[in-house]
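Here are a few notes to read alongside the structure. Have it open as you go through the points.

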Amino acid sequence: MKRIAAFITAAAMVACCFSCEDKNKKSSEAKPAAGDTTVSDGSVDEPVIQDKPEFREFKAEDFKTINVNITKTDKEPPFTLHSLNITDLDFGERISPCKGEKYRDRYKPDFSMSIDHGSEGAEADSEQVKQLEEEWEKKCSQPSKGVTTRGWYKGNDIYYVVSYDDYCGSDGFCDVHDLSVFRVDGLTGKTEELYRHSDPESAIWINQLYWYHDRLYLVMGDNELMYLDNGELVQMDYLPDYSNHYYPNNADRLIIMSQKVNYKEVADDYEPGPDEIIQVDDDGRKSLYTGSEIVMSEYLPDTDTWKELYRKSVTAEEGQNEDGIDLPDIRGELFSWTERQGRSRKFDVVTDEYRVSTGLTSCNVLYAGHDKLVVDFGGNINGNTVHFFDLNKKECYVLDCSSLGINCEYFNGGLFVYPEGNSGTLYYIIPELGLTFPFFKLGGNFDGSDSLDRLFNIYNDEGCLSFEESVATEKKEHREGNNVYYTGHKYNTTRYWINEDEMHG
């Protein structure tokens, strides 16, 4: 089951991580929307009739257990591993229109608020302001190199939001007057501009990109849902008072998670309790956090309709829970969640089509398909064992991957195992055979003294499994007594990816 951490701000998106704690009570609270109906703007449209398969239930003893031994081979893995150094990508330079003489003073910062007011007096402060103004004048006449702020991987293509506004968007996470969306051909490095916004009167921001069925979808900074059509933004009217996020999956579905955070105004002299959260606006008015509403929906482009899948009302107490909020997760073809029956310590995995009693006291769903379920037991320093349930054959293949790594991704019938942290080897396993291919070793001279020396991220989305390795090329060292820490890391980043349609064997 997906654990959703509720951010206490209307503009913030929910963050996701996995957990398999006792969810028997919580799982029952996140219910599917009643009936098979589509919804648009909160209203109910024509019913969508779907033939659902008969619900199946499996006990752990229904499956024949087959223990599979890990057998390493030095042969080439049955797929092509592509790579592209994305640090070297060049999106050119532009002068943002807000730097023009007509507009620059409108957006000029108050430099007196930016200086360090020391004990040297007003004259020193004035010198600091003067220096900052000179730097500002110089910046106004200089073009800015395009900087990527958001990205999305889809097979051989990469989609990037690129900002050219180093004047108003200097922190990289606010509205800018000059940005573009590019497609990058990962095989050649060639770039193509798909959209451009350059307007001194209007600043925008793009929070997320998502590619689905030959169309690029966007979440804007104000949480509006959009898509690109011939270089123009088209608005999608859905839950306008919610923050929205396209929900990555490999089930060929366009799923959106939406959240509305609720506050109520309280008196200026209101004193919050130890577990209460107060928000204060620019005018000093206080509001008390009272909970939130989380909705998962599916957009059907062919009919321009929405289908509500799950809805969860979150209390103020639940919203502050460090472990997050339970919602079904889609890993594979189906939404799934875990439950414990009664006082049992062992987990069941439940989907809309079946319930499987795993017999495991810890589990994480890697894949839930119509006829196959893959879960891992462990995923910690004590090792990791992966269980493959074939629901038709009623067989369960068991692989102990502890000697390889503690993290797993199931992709296109194979198992990818990778280490915890930023060093080690990546493996590909053919589950039924246990045949194991070492195919990538995280490089560099990583000694562990600085955890930010190397960054590693993996993405498992529809049709493509990809990962990034970033190796620090520059950083600043700081010493405080016997303690040493580093800041200002600059990285050389390479993207690697495997396409589903290029896998064989």
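1. Tyr410 sits across from Leu415 of strand E35. That strand covers residues 414–418 and is joined to E34 by five bridges, running antiparallel. Strands here are DSSP runs of E, at least two residues long, numbered from the N terminus, and two of them pair if DSSP finds at least two bridges between them. The hairpin of E34 and E35 has two residues between the strands, and Asn412 takes a positive phi near 50 degrees there.

2. A word on the model: it is predicted, so local features need pLDDT of at least 70 and side-chain atom pairs pLDDT 80 or more, while totals for chains, interfaces and linings use all residues. Numbering starts from 1 along each chain as its sequence is written, and side-chain values use heavy atoms, leaving out hydrogens and water.

3. Why is strand E34 largely enclosed by the rest of the structure? Five of its five residues, 407–411, are buried (under 20% relative accessible area, with a 1.4 Å probe and protein chains only). Asn407, Glu409 and Phe411 cover one face, with Cys408 and Tyr410 on the other.

4. Elsewhere, four strands form an open antiparallel sheet in the order E12-E13-E14-E15. Its edges are E12 (147–154) and E15 (191–198), each pairing on one side only. E12 and E13 (residues 157–163) share seven bridges, and Lys154 faces Asp157 in E13.

Terms used:
Buried means under 20% relative accessible area, exposed over 50%, partly exposed in between (1.4 Å probe, protein chains only).
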